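Take a look at the fold below. We will go through it piece by piece, from the whole chain down to single residues.

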Amino acid sequence: MQYRRKMGSSSLHKVKEDGKVVQPKENQNAEDKTEQQTEIITNMGQGLYWAAARGDFSIFQDKDQLQNLLTPNKNTILHIYITTAEYLKPTTFVESVLTKCPALLMQPNKKNETPLHIAARYGHDSILKMLIQHAKGLHPQNQERGLEEARRMMRMLNENHDTAFHEAVRFHHLSVVQILIEEDPNLVYLANREQETPLYMAAERGYSDIVFKILDKCKSPNTGGPDGRNALHAATIRKDQEMIKKILAKMGDLLKETDRVGWNPLHHAAYMGYLPAVKLFLELPIGSAEAAYMKDTEGNTALHLAAAWDHEEVTSEIIQKCPECCELVNKAGSSILHAAVQSDGTTQRAMDAILKRNALKNLLNEKDNKGNTPLHHIAISLNIDLVDLIDHSGVDRMAFNNQNQNALDLASATKTQAARKNQFIQRLQKKGLRSGTRLQHHPSNDDKEEEIEEDASTLSELDKAKDANLIVAALIATVTFTAGFTVPGGFISDKGPLQGTPILGDSSAFKTFIIMDTLAMVLSSSAVSVHLFLRFREDKSRLLWYFILAFALTAMGMAAMVLAFVTGTYAILGYSRALSIVACVVGLSFFILFYKLLTNFFSS
């Protein structure tokens with residue numbers, strides 16, 4: 001059956017054209033939109049298609065112009081066979097087809113993929129060798145021209161500008177990589193549309209065997225990748241220590257190459273806190289110091305990134321190997337100590353790694369472009385975990401920034417939860433700080449009213465949470481108290497010395513039940529006591545802290561209650577081991593949800 005599809009129309013019109021299918025091409029005449037360009041393709045049909053897939057050449061022996069047998073995506077019978085061929089399938093079909101129709105050797109499909117692309121993608125090394133040999137044999141009288149034809153075929157690009165070598169690397173076919181790199185070592189220099197070179201693709205995917213093969217066979221392969229990165233960037237991001245060693249041994253200068261945001265591989269290692277890579281980079285005899293001093297587009301060195309992400313070991317390593325880096329500031333004028341105190345983390349390990357070195361005490365009172373010292377930045381974030389810096393003997397507690405604000409001024413102006421803010425301010429005031437000593441104006445009444453409204457809203461939300469927590473804690477205390485006197489299995493009723501004692505008293509599971517039930521009752525009762533204490537406390541500065549304490553007690557009480565239920569159930573189901581195990585598994589599944597909810601609560 002034959003069809004003609006008109007451009008710009010979804011209708012199909014049957015035509016008779018000697019077993020041909022007419023397919024449209026894009027209109028090449030912009031001035032005459034009614035004139036349509038078409039090309040004629042022989043319809044392959046199901047019989048020929050499945051014969052090609054099976055590798056049955058007998059049906060094609062009497063066919064002429066095999067290059068015109070195409071699917072809608074312009075796949076030839078070679079594309080079909082190689083795609084469906086199993087690994088190590090005989091190459092007889094490929095050889096027969098190319099003998100009859102050599103034009104199919106380099107004929108691309110709609111995506112500009114040649115049979116060599118398909119063979120490389122699916123790892124058919126025997127078929128790939130045959131295709132290369134046929135290309136070399138296109139000019140039997142001129143061996144050099146044959147080699148040129150083979151190289152031309154191997155360098156042909158698909159629509160993504162991938163060569164067959166890219167395909168072999170992408171799908172991790174080492175045997176194909178070995179064949180292609182032996183035939184044409186220059187394939188390692190070609191990049192595709194995404195700017196990926198074969199070496200970069202292998203490094204990014206973690207294919208160390210291919211990376212090592214390329215490095216062994218090529219003196220200086222192209223290493224480029226997207227966003228200006230190179231293979232050493234990729235190996236560092238993957239945290240592949242052996243790959244990093246191999247690349248450094250071959251091309252140590254890659255350490256000084258930067259990506260689109262100005263990061264060299266040392267920046268990436270410092271950002272991730274990957275200490276093995278940092279040590280390897282800093283041990284290089286040439287280039288390590290330069291890499292450590294290099295700044296990204298925002299002026300940050302690798303040491304800034306290590307400090308900002310609170311990587312203590314990496315921070316210490318860079319300081320030890322390149323101490324002069326500590327004097328560098330970024331475009332905002334921030335030193336490495338500024339970066340450390342602005343970290344989103346709740347620890348002060350990087351800050352401690354800097355301050356434990358007496359040679360770096362001068363950073364304590366260094367100011368950025370806005371005149372803020374590290375203490376100012378701690379006040380802006382109200383980071384309770386870092387406020388210990390104010391206790392350092394070398395800190396100028398009354399330092400002022402360009403707006404004549406000290407740390408207490410900034411803390412007072414920060415809009416956040418009242419309990420946290422008041423706790424921070426009290427800590428600063430105990431060290432002698434006073435607010436507004438240089439300010440020419442004070443907050444307006446509107447600002448004060450807005451702050452009071454925000455505090456009232458926060459307290460209202462906290463009261464609702466407290467009420468819910470109190471109800472849950474009281475419920476747990478009631479249930480566990482009752483369970484302590486109505487124990488699983490009941491009591492011995494027969495007269496004697498054991499009368500009134502639990503029937504299952506000797507069971508380990510029952511003993512665990514009693515302990516967990518008692519623990520749950522004590523924890524929940526403690527939570528209720530905390531809430532009762534809060535009702536009579538006028539000072540609201542530590543209200544949030546007490547709520548978190550009560551919440552933690554309630555959560556632990558709930559966990560103990562579930563454990564009590566599981567162990568109690570196990571004790572009374574001793575007659576059926578299978579049933580008791582099922583009950584335990586179902587009951588303990590509670591802790592999966594419990595863990596996720598608890599970690600999310602405390603992280604927020």
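Predicted model: local features only at pLDDT ≥ 70, side-chain atom pairs only at ≥ 80, totals over all residues.

Residues are numbered from 1 along each chain as its sequence is written, and side-chain values use heavy atoms, leaving out hydrogens and water.

The protein chain holds 27 helices and five strands. Both are DSSP runs numbered from the N terminus: helices are H or I with at least four residues, strands E with at least two. Of the 604 residues, 42% are buried. Buried means under 20% relative accessible area, exposed over 50%, and partly exposed in between, with a 1.4 Å probe and protein chains only.

Begin with helix α12, residues 241-250. Its buried residues are Met-243, Ile-244, Ile-247 and Leu-248. Seen down the axis of α12, they fall within an arc of 130°, so they line one face of the helix. The arc is that of the directions from the helix axis to the C-beta atoms. An α-helix has 3.6 residues a turn, so residues three or four places apart point the same way. The cover over the buried residues of α12 includes α9 (198-205), α10 (208-217), α11 (231-237) and α14 (275-282). At the start of α12, a side-chain oxygen of Asp-240 comes within 3.4 Å of the backbone nitrogen of Glu-242.

Leu-275 lies in α14. Its relative accessibility is 17%, so Leu-275 counts as buried. Beyond four places in sequence, Leu-275 touches Glu-313, Val-314 and Glu-317.

Leaving out residues up to four places away, Leu-180 touches Leu-128, Ile-132, Met-154, Ala-164, Phe-165, Ala-168 and Leu-187.

How do α5 and α6 pack? Helix α5 (residues 125-136) and helix α6 (residues 143-154) meet at an angle of about 135°, with axes 7 Å apart. That makes α5 oblique to α6. Leu-131, Ile-132, Ala-135 and Lys-136 of α5 meet Gly-146, Leu-147, Glu-149, Ala-150, Met-153 and Met-154 of α6. Axes are lines fitted to C-alpha atoms, for helices over the stretch in contact, and angles run from 0 to 180 degrees between N-to-C directions. Under 35 degrees counts as roughly parallel, over 145 as roughly antiparallel, 65 to 115 as roughly perpendicular and the rest as oblique.

Ser-524 sits in helix α24, residues 508-535. Ser-524 is buried, at 0% relative accessible area. Apart from neighbours within four places, Ser-524 contacts Ala-473, Ile-476, Ala-477 and Thr-480.

Finally, the loops. His-161, between α6 and α7 (164-170), has a positive phi of about 65° although it is not a glycine.

Key
Contact = heavy atoms within 4.5 Å. Polar contact = N/O pair within 3.5 Å; in protein donor to acceptor, adjacent residues only side chain to side chain.
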